[in-house]
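Have the sequence and the 3D view ready.

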Amino acid sequence: MATSTAKVSNEQLKAQKSPSGVNIIWRELVRDKLALFSLIFLILISVFVYGVAIFLDQEEIVRVDLFEIHKPPSEDFWLGTDYGGRDVFGQLIIGTRNSLSIGFLVTLMSGIIGIVFGLVSGYYGGHIDNILMRILDFFLVLPFMMIIIVFVAIVPEYSIMTFSLIMTAFLWMGIARLIRSKVLQEKELDYVQASKTLGSSNLKIMFTQVLPNISSLVIVTMTLGLAANIGLESGLSFLGFGFPESTPSLGTLLSYARNPQTLEYRWWIWVPASVLILLLMLAVNNVGQALKRATDARQRRG
Amino acid sequence: MWKFTVRRLLIMIPQIILLSIIIFVLAKMMPGDALSGLIDPNIDPERIEELRHMHGFYDPWHKQYADWVGGLMQGDLGKSFRFKMDVTELIGQRVVNSFWLSLATLIFTYLLAIPLGILSGRYNDSLLDQTITTYTYIGFATPLFIFALVMLWVFGFMVGWFPTSGSVTPGLEPGTFEYVLSKINHLILPSLSMALIATVNTVQYLRNDIVDTKQKDFILTARAKGAPESRVYNRHILRNSLLPIAAFFGFEITSLIGGSIFIENIFGYPGMGQLFLESILLRDFSVVTAVTLLFGIAAIVGALLSDIILSLVDPRIRIK
């Protein structure tokens, strides 16, 4: 008896409280069928490529086989072979895994730098903000595409880690600026003042109080950033300044299409990778847009 | 107004100096130098060392930097070791092509963005608006280079409407009507591919701005006073919504630079982006340095233009 009444009052209590951030995001996702579908698609693709890639041997797939050059799709090679006789389907799976991994890595690293930069700049304001914003403005006008290419070309020990570090170095500015302008508004709110009066340190207020309050913005920006970073990585690999051929990514598969012969007659090499990139980017963007709506009460559907 | 412009111009100076330092450091970090490509059994290694001294490769860095900047001021961007000609001259040949490509792209971008944005904003939530919004949504997610590849595949190879590489059919006399026509024909596909992707941001912005403006009080007032619908849109709403678009013009330059590297590579168009990629692969570093610097300055000037136009349009920005 006693437990059931407690349960009821608990539920009543829940009904009176406004829904939490995670709840709102979830409701928006369920309400937006396209975004929900995209999310399921993304999860399935990730599970599939990460799962299957365990059983595939990257060395085996990227080994050149001169007897199997440019074979169209067949039973042995589901998506044919490239100019080195390498299985395109296997490269597609490993490539998707590599592209996703670097996308996540770069998004995470640039996100962390951007968040810290934005928090410090927005929270302290004044001179610190002024100086940091000048630095940011400068980075923003750099033709970052070219500078990344130059860096990739001259780094002596080139690896996936250095590649992601180079990308990160020029991609943290967008998120930093967004976070900073949000923190500028946030720090005027009463809870920050109250916490200051209680004697909390600035660091504590910034990272344990302001940051959770702007977490929805962080999630949205990083989701949209993920799509952009996957696109950028494949673009750089396409030009030959990303992953080397021995480490397939979606971009390296596309780079074979720079050969007019391949572009015109051997669609099986580059079309599947293009479609996959497009689907991935659309799906991530769909999820990101739904999250964005969830954070803005005026645009919410659910 | 003048105060803002002058202040904004002053900010540009340290930006350009910083940019030049970054590019100089990058150039110095490049492994090997242009002369290491010359090593072959017929050339005495001592002669190469001598050449290195002559070109100032062993000077202290600040002297090299000063020499470099001094040269830049006089329009001397160094010598391309691959083409055996002055970089200034080499860039002179390519920059014209890039200029036409950028111009064509900008024209297509705005030709598409303004009508689409206005239609979408004016008839919002109609089927037309939904179609346009879907297009912007997909265009936003599509990487430029994939779209360009597909365009080249379809219209260049499969349908064969447009040439698949170059900037002009070889063998035509410059100045003739056919020459100009061939130039335009080579421009359409690359610039249209870039514009179809680049325009989506502007379309979305214009649409949302018009939808916002439509609900403002001054529009209600105009309607209440009996202004015809066409006047409400042309005089009241568009004047409000088009000006910020004009201001983004400068920022378009930065995205044009990034895009042109892909577009010129895919369509084999001999512009600055193509020159940049070729030179970096062949370690022709004086060309890489010069092109990066020029693009960097173009981006900085673009941002300056945007800020000045914005301050003209929106007085609130001037008070800072």
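Q: How many residues of chain A are in contact with chain B?
A: This is a predicted model, in which local features need pLDDT of at least 70, side-chain atom pairs count only at pLDDT 80 or more, and totals for chains, interfaces and linings use all residues. Residues are numbered from 1 along each chain as its sequence is written, while chains are lettered from A and ligands numbered from 1 in the order in which they are written. Two residues are in contact if their C-beta atoms, placed from the backbone, lie within 7 Å. On the chain B side 34 residues take part, and on the chain A side the number is 28.

Q: Which elements of chain A give two or more residues to the side that touches chain B?
A: Helices (H or I, at least four residues) and strands (E, at least two) are DSSP runs, numbered from the N terminus. The elements of chain A are helix H6 (126-141), helix H7 (144-154), helix H12 (215-239), helix H14 (260-265) and helix H15 (267-295).

Q: How do the residues on that side of chain A divide into nonpolar, polar and charged?
A: Ala, Val, Leu, Ile, Met, Phe, Trp, Tyr, Cys and Pro count as nonpolar; Asp, Glu, Lys and Arg count as charged; the others, Gly among them, count as polar. The side of chain A that touches chain B divides into 22 nonpolar, 5 polar and 1 charged.

Q: What span is expected for H15(A), at 1.5 Å a residue?
A: The rule is 1.5 Å times one less than the number of residues. H15(A) has 29 residues. From first C-alpha to last it reaches 42 Å, close to the expected 42 Å.

Q: How many of the residues of H15(A) are buried?
A: A residue is buried if 20 or more other C-beta atoms lie within 10 Å of its own, exposed if 12 or fewer, and partly exposed in between; C-beta atoms are placed from the backbone. H15(A) is mostly covered. Of its 29 residues, the buried ones number 21.

Q: Why does Gly288(A) count as buried?
A: Gly288(A) lies in helix H15 of chain A. Leaving out residues up to four places away in sequence, Gly288(A) touches Val220(A), Thr223(A), Leu224(A) and Ala227(A). Gly288(A) counts as buried because its C-beta neighbours inside 10 Å number 23.

Q: Which residue of chain A is in contact with Leu152(B)?
A: Set aside neighbours within four places in sequence. The contacts of Leu152(B) then include Phe157(B), Leu189(B) and Phe267(B). From chain A comes Leu263(A).
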